[in-house]
Amino acid sequence: MPDRSHNQLPVSPERETHLLDYLHVLQRRWRIALLVALLVLTVVTVKTFLETPVYEANVTLRVSLKPDTSQEVLEKRKERYFSIDSEIEVLHSYKVAERAARLLQQGLPVEGAAGGATPPATALSLEDAVAMVSQGVQAYPVGDQVSMIALSVQREDPQAARDVANAIALAYQELSREQKIKESQSVLDLIDQQVVELGRKLSQSEQGLEEFRIRTGLKRLTPEGVSMVDTAVALEKAKTALMLKKQRIEEFLRNPGFGRYESTVVDLLPGVPELMSRLLELQSARADLLREYTEAYPGVAEVDDKIRLLKMEIAAAAELALRNLDAEIVLLDRELVASERRLQSVPEEELELARLSRTNAVDAQLYSYLLQRQQEERIIQASISGNVEIISLATLPTAPVKPNKKKNLAMGLGIGLLFGIGLAFFLEYLDQTVKNDEDVQERFGLTVLGAIPRIGEALQSDNRQLVTHLEPHSLAAEAFLALRTNILFMLTNKQHKTLMLTSCLPDEGKSTVAVNLAATMAQTGARTLLVGCDLRRPSLFAALGETSAPGLTDLLIDSRAKALRRIEPLGLDFIPAGTEPPNPTQLLSSPAMKSFLDSARRKYDFVILDVPPLIPVADALILASWVDLNVLVLEPCRVPQKLVQRAIDLLHNHQADVAGVVLNDKSGRSGKYYGGYGYYDKAYQGYYKQVATGQQTNARGRLVARLREWLGR
């Protein structure tokens, strides 16, 4: 067995990942990234231009807290709480939608705040109108102006967008006014009822007083009696006011609305306006949650608990107010009883006159008071204009808001690039092939003897791989010279003469490496023999311009066969594969092959064997233990790491080691893992510029070469 104590080249230390490594990933896989980006952009473009345009109409509303004109003249009542969120909820309510749908159905003109009018809305069926109003409607506060609301409606038909927006604004304005009128009407109905009852009672008291005067002849009371009657009248009037307030609070407790239109009742309850404001805010927050979640969501349940507690607090405050009113009424009743006792100190006839006068005066005063309140409420009701003002009506939109072509195309390009770059890095992560010398050193602990760049297409088109002879000043030729130097460094022992070049898979360029290595060895003046041991798919003879037979096969069968060829231009000897045998494995494992190698070792300084790949056939494994050095030729970015490890294990199982690896970048893809050979190639060509020979490349050729280099071919 040959001595394997040959020298080892130093192994480069492990290199840390650099930012340029990520840029090189994009350089290697820019095609797939660009393809994905263009695909996404194409899909977005087609969808954008096929999408139906959507138009948007906008209305601006102001919800005012200023009191009505009549309220300024009379009691100046106004709401003590306000929530813009509650107003937005009213805008989205079914009542507004139904009213707007009826306006669309009737085709009513939309009157603006400034007195202008838009054309009547298109007449539709009620179902269609409700469907139109229920979709594509948004309302939101305008900036920091919490009393301003922007209402927008989106439709495919611009006229429908305008009509729906205006109809909703009108419906919301009318509903606000009607709710205020309803609130005022409830107070007026209660006063009307009291006026009717008190009017009947006043008539009875006047009739009784007149009959008593006629019967007794008494016409007037003494000053003391007048004072007692006035006191009793004032007490009765105060009690009546308290009874009216009590009736309204009791009505609220029987049917609590807990809405923003309960202001006149809420104002009667101390501390309740603040609670009602908090309640409206919670109701608005609950509506916002229900737009995204169901009622089973914990956040909704928490808000429901808070709403329930606030309603209980409001009800408790109303009950407390009732108890306080009852206490005040009890005090007034006691004062009325005391007034009755004082009246008993006067003579009987005068006492009766005082009683009748007091009753009549009380009824008259209360009746006058209720008539005044009745007139005030009627004035308020007649002058109610609502607290919603339409600042600007919707006009017919002229340009669609969707699709936004520029925005969509920009987003499509951006998303496409992100997906493309992500896919490029994902494919890089999945790529487990051997890419460069770092993979060889880190994964397998092997020395990289040389890295052969991609050979130009002009040489390959003529089926000539002998680049060291045809283009001695090329970058590839220099790479073979560097390979020769590294191998000579390892072959310091004169006993190391035979060198076998193999690969993992077919078509990795081992024959090209073998013929160029042999040529560079011969250039040193050493006696060099190149043997084609690939008896199945021989190619060396074509590279050297020779015939395949007779060759090694013929020599092993008949030692007298003249298989040796002298290649004078290269100064080396060559034995082709010869006639294709039926049993190549048996021939290579025969004693004749062993004897041939021993004989060649004695006659030549270097014997280079070109053998078949390791994985498909076993020919290389037979010769591996008979030679001094085994060199594995790998094509980067093609052979998986597991396959390389399997080839190494096969050699180890046959008591053979791998002296080193030659990376043959046939496709040019591995050069991108070094940042490309372009820079080194230009620098190298510039260094030889003054001594280069041959026809100069014209401008067109240089342009084509640069284009191919940019495309990564």
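## Salt bridges

The structure holds 19 salt bridges, each being a side-chain nitrogen of Lys or Arg within 4 Å of a carboxyl oxygen of Asp or Glu. The model is a predicted one, in which local features need pLDDT of at least 70, side-chain atom pairs count only at pLDDT 80 or more, and totals for chains, interfaces and linings use all residues. Residues are numbered from 1 along each chain as its sequence is written, and side-chain values use heavy atoms, with hydrogens and water left out.

One of the salt bridges links R527 and D605, whose closest N and O atoms are 3.3 Å apart. R527 sits in the loop between α18 (510–523) and β9 (528–532), and D605 in the loop between α22 (591–603) and β12 (606–610), so the pair ties together parts that are 78 residues apart in sequence. Here helices (H or I, at least four residues) and strands (E, at least two) are DSSP runs, numbered from the N terminus. R527 is partly exposed at 46% relative accessible area, and D605 is partly exposed at 26%. As for these words, buried means under 20% relative accessible area, exposed over 50%, and partly exposed in between (1.4 Å probe, protein chains only).

## A bridge within a helix, and a network

D598 and K594 form a salt bridge with their closest N and O atoms 3.6 Å apart. Both lie in helix α22, four residues apart, about one turn of the helix. D598 is partly exposed at 27% relative accessibility, and K594 is partly exposed at 33%.

In another salt bridge, R638 pairs with E635, the closest N and O atoms being 3.1 Å apart. R638 is partly exposed at 30% relative accessibility, whereas E635 is buried at 7%. Salt bridges that share partners also join K594, D598, R601 and D628 into one network.

## Where two helices cross

Two packed helices are described by the angle between their axes and the distance between the axes. Helix α1 (residues 19–28) packs with helix α13 (residues 405–430) at an angle of about 100 degrees, with their axes 10 Å apart. The axes are lines fitted to C-alpha atoms, for helices over the stretch in contact, and angles run from 0 to 180 degrees between N-to-C directions. α1 and α13 are therefore roughly perpendicular to each other, a label for angles of 65 to 115 degrees. Y22, V25, L26 and R28 of α1 make the contact with I421, A424, F425 and E428 of α13, where contact means heavy atoms within 4.5 Å.

Y22 is partly exposed, at 43% relative accessibility.

## Buried residues and their neighbours

D573 is buried, with a relative accessible area of 10%.

S548 is found in the loop between α19 (540–543) and α20 (552–557) and is buried at 16% relative accessibility. With residues up to four places away in sequence left out, S548 touches P538, F541, R565, P576, A577 and G578.

Most residues other than glycine have a negative phi, and most peptide bonds are trans. A cis peptide bond joins A549 and P550, with omega about -5 degrees, and P550 is in the loop between α19 and α20. K402 and P403 are also joined by a cis peptide bond, with omega about -5 degrees.

C637 is not a glycine, yet has a positive phi of about 65 degrees. C637 lies in the loop between β13 (629–634) and α24 (641–653) and is buried at 10% relative accessibility.

Definitions and conventions. Angles under 35 degrees count as roughly parallel, over 145 as roughly antiparallel, 65 to 115 as roughly perpendicular and the rest as oblique.
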